[in-house]
Structures are given as C-alpha cells and as structure tokens.
Amino acid sequence: MRTNEEVVREAYRLAEGKVLDGDGFRALFTQDGTFNDMPNSLTFRGDQIPQALAGFAGVFPDVHRELLEVNALGDVVAVELRIQGTHLGGFPTPIGEIPPTGNRIDVPTADLWYFREGKIESFNCYNAANVLLAQIGATPDFKSAIEAA
C-alpha cells in the first residue's frame with residue numbers, strides 16, 4: 001500500500017499537462033471525495049473532478065506543478081507549490097472568456113490533502129488567483145468597484 005505522500009505525488013503527476021489522466025486522478029479519491037478550489041468557492045465531486053482538471057489544462061495545456069515542500073502529517077498532506085503554464089486557451093469568466101494571451105503563469109499555491117483509508121477524501125487547493133489573473137492581464141477594476149459603492 002502506498003503512503004499518503006506517494007498518493008499525493010501520483011495525483012500531481014496525473015494532473016500534469018503532458019500526462020493529464022483525469023480518470024486516474026479521480027481513482028485516487030474516495031467515492032464521496034471532493035476537490036475544493038478554495039479561492040473560487042468551487043467544489044468538484046465524482047465525474048466533475050476529471051472535468052476540472054481538463055478545463056484548467058484547456059486554458060494552460062502545458063500546466064506543471066513545481067512542488068516546493070511536501071509534508072505528510074498522518075492523514076493530512078500539506079504541499080507548497082507553484083502552478084506554472086502558458087495561457088493558450090480561453091479563460092472562462094462569468095461575463096465571457098479572456099482570450100489566450102500566451103503569457104506564462106507562475107502562481108504560488110498551498111494544497112491540503114485529507115485522507116481516509118488510503119484514499120483522498122478532500123483536496124483543498126489555495127492558489128493565489130489574483131496573481132494568476134494579473135499574469136494573464138486581468139487586473140481588478142477598482143474604479144468600477146469604488147463607483148458602485
């Protein structure tokens with residue numbers, strides 16, 4: 001049986017743009033497991049999990065996760081990493097897609113992986129979404145926010 005750290009490292013390998021095995025990634029989760037995109041308040045379950053990976057890889061097809069620190073603490077694995085890639089696909093937003101810019105992203109991220117009986121019960125991804133958006137040229141519209149207030 002693999003350690004929790006080995007399972008997490010396998011999950012990152014399967015989520016790489018050059019590998020992208022959403023079904024293999026999903027198989028590492030419990031039946032009721034969740035992938036939680038914390039900055040965007042999104043939760044993916046079941047078949048949504050591979051779709052979430054494919055959606056991100058559609059925007060950043062060369063997505064790579066540089067693992068900086070991996071710490072296994074019983075049934076929790078904490079990872080500090082950087083999500084990297086090139087913006088080559090349309091980035092969906094509530095009001096339309098941001099067209100590909102060709103810009104590189106390098107996004108500081110912290111992930112928490114919670115395990116139950118050797119499988120991922122919950123994966124919480126805390127990425128610096130504001131950094132990602134700035135790197136693809138989508139800076140906040142503070143003027144409109146101030147005027148609206």
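Leucine 81 is in contact (heavy atoms within 4.5 Å) with Tyr12, Arg65, Glu66, Leu67, Leu68, Val107, Pro108, Thr109, Ala110 and Asp111, when its neighbours within four places in sequence are left aside. The structure is a predicted model, in which local features need pLDDT of at least 70 and side-chain atom pairs count only at pLDDT 80 or more, while totals for chains, interfaces and linings use all residues. Residues are numbered from 1 along each chain as its sequence is written, and side-chain values use heavy atoms, with hydrogens and water left out. Leucine 81 belongs to strand 4; helices (H or I, at least four residues) and strands (E, at least two) are DSSP runs, numbered from the N terminus. With a relative accessible area of 1%, leucine 81 is buried, a term that stands for under 20% relative accessible area, against over 50% for exposed and values in between for partly exposed (1.4 Å probe, protein chains only). A distance of 6.9 Å separates the C-alpha atoms of leucine 81 and glutamate 69, which lie 12 residues apart along the chain.

Strand 4 pairs with strand 3 in the antiparallel sense over 9 bridges, pairing being assigned if DSSP finds at least two bridges between two strands. In this pair, arginine 65 stands opposite isoleucine 83 of strand 4. The two strands form a hairpin with 2 residues between them, and glycine 74 in the turn has a positive phi of about 65°. Strand 4 also pairs with strand 7, again in the antiparallel sense, over 11 bridges; there the bridge partner of isoleucine 83 is valine 107 in strand 7.

These pairings belong to an open sheet of 6 strands with the order 2-1-8-7-4-3 and mixed pairing. Strand 2 (42-45) and strand 3 (64-73) each have a single partner strand and stand at the edges, so one side of each is left without a neighbour in the sheet. From one strand to the next, the twist averages 15°; axes are lines fitted to C-alpha atoms, for helices over the stretch in contact, and angles run from 0 to 180 degrees between N-to-C directions. Strand 7 (residues 104-116) and strand 8 (residues 119-127) pair in the antiparallel sense over 8 bridges, and tyrosine 114 has serine 122 in strand 8 as its bridge partner. Helix 1 packs on the sheet, where it touches strand 3, strand 4 (76-86), strand 7 and strand 8, and its direction makes about 140° with that of strand 7. Helix 3 (residues 48-59) likewise packs on the sheet, touching strand 1 (29-37), strand 2, strand 3, strand 4 and strand 7, with its direction at about 120° to that of strand 2.

Asparagine 4 lies in helix 1 (residues 4-14) and counts as buried at 13% relative accessibility. Residues up to four places away in sequence not being counted, asparagine 4 touches Gly74, Asp75, Val77, Phe115 and Gly118. A polar atom of the asparagine 4 side chain lies 3.0 Å from the backbone oxygen of glycine 74, the residue in the hairpin turn.

Notes. Polar contact = N/O pair within 3.5 Å; in protein donor to acceptor, adjacent residues only side chain to side chain.
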